[in-house]
Amino acid sequence: WCIAFVLLPTPTIRADDAVAVFSDVYNGYKRTKLPDGRIKPETYAFANGGMQTRFVNDPSLTRLTFTDVARATVEPLKRMNYIMATKPGETDLMIFVYWGATQGSSGFDSSGFMDAAAQASALANSQSELSKATPGSAGANGEAAVSDAGQEAREAALWQLSIMNRERDEIDARNARILGYREALQRANFASHIPTFQDVFHEVGENRYYVVLQAYDFRTALKLKKLKPLWTTRISISEFGRNFDETLARMIASGSRYFGRGDGTLHRYEELKGKVEVGPVEVIDAKPGKG
């Protein structure tokens, strides 16, 4: 008899599990190929871009140092033929490393202000109807006063709603710049009914861990004291249910394929997980062999 084991790849389908990667190149940067077809190695030195974050209930985010985050990128960079320099005179790139967690706008719930505006309007209407139906009411002047008060309440609620929406938009725009969602968010604003763009609003609005690598020409920075950008890669993932140290390697692995290259487009990579399931048990009778 035998037991059949089936290995089934089960992709994680939650959008929160996808690693988002945005990468682009600047100033005509392009990798050079050697005669044998391999990519020419380039040397680099790290620079501390710093951590930017809000308060996060994740000790690992504040515990990890610049050295820890930079060290996590060394091997992925090496696989793309970026080699850590040993001498300043032989250094091609200066790679700034940034990391942290964004504060999403999802906590800005505008529904409360919308409800307040609706309640104010309903209250004004009911008071107006009551004043008309009540004998001995103040008449037209009384109705006008009730109407004015209701209008003022509606305008106040709508004014507060507009402020809330403006603050939310400003937060989304800042996070989109950090995470690499700027172009995607601009497109989403014109086609918000499309499910893909709804995902963009959701992801920009949530709290996300991120790592950003920005590469500059080292010699220009050394000689001219100017930063000449060559390429950037922005990597992020939903903070929900995760710790930064546990997801750092996965983030870097997903983004590393775009180190030094990119098309200015946002990409998402979902983690594929495998599991073993026991299939139907089939009993096979063994037949006596011929002796």
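A: Helices (H or I, at least four residues) and strands (E, at least two) are DSSP runs, numbered from the N terminus. By this rule, the chain has eight helices and nine strands. The model is predicted: local features need pLDDT of at least 70, side-chain atom pairs count only at pLDDT 80 or more, and totals for chains, interfaces and linings use all residues. Residues are numbered from 1 along each chain as its sequence is written, and side-chain values use heavy atoms, with hydrogens and water left out.

Of the 291 residues in the chain, 38% are buried; buried means under 20% relative accessible area, exposed over 50%, and partly exposed in between (1.4 Å probe, protein chains only). A nonpolar core is a set of buried Ala, Val, Leu, Ile, Met, Phe, Trp, Tyr and Cys residues joined through side-chain atoms within 4.5 Å.

The largest such core holds 30 residues, and Val211, Trp231 and Phe244 touch the most other members. Two or more residues each are given to this core by β2 (19-25), α2 (66-79), β5 (93-101), β6 (208-217), β7 (229-238) and α8 (244-256). Strand β5 supplies the largest share, five residues. Another core, of 16 residues, lies apart from it and includes Phe197, Val204, Tyr210 and Leu266.

Helix α8 also contains Thr247, which is buried, with a relative accessible area of 5%. Beyond its neighbours within four places in sequence, Thr247 is in contact (heavy atoms within 4.5 Å) with Tyr209, Ile237 and Arg242. Across the chain, among contacts between residues at least 6 apart in sequence, 81% join residues at least 24 apart.
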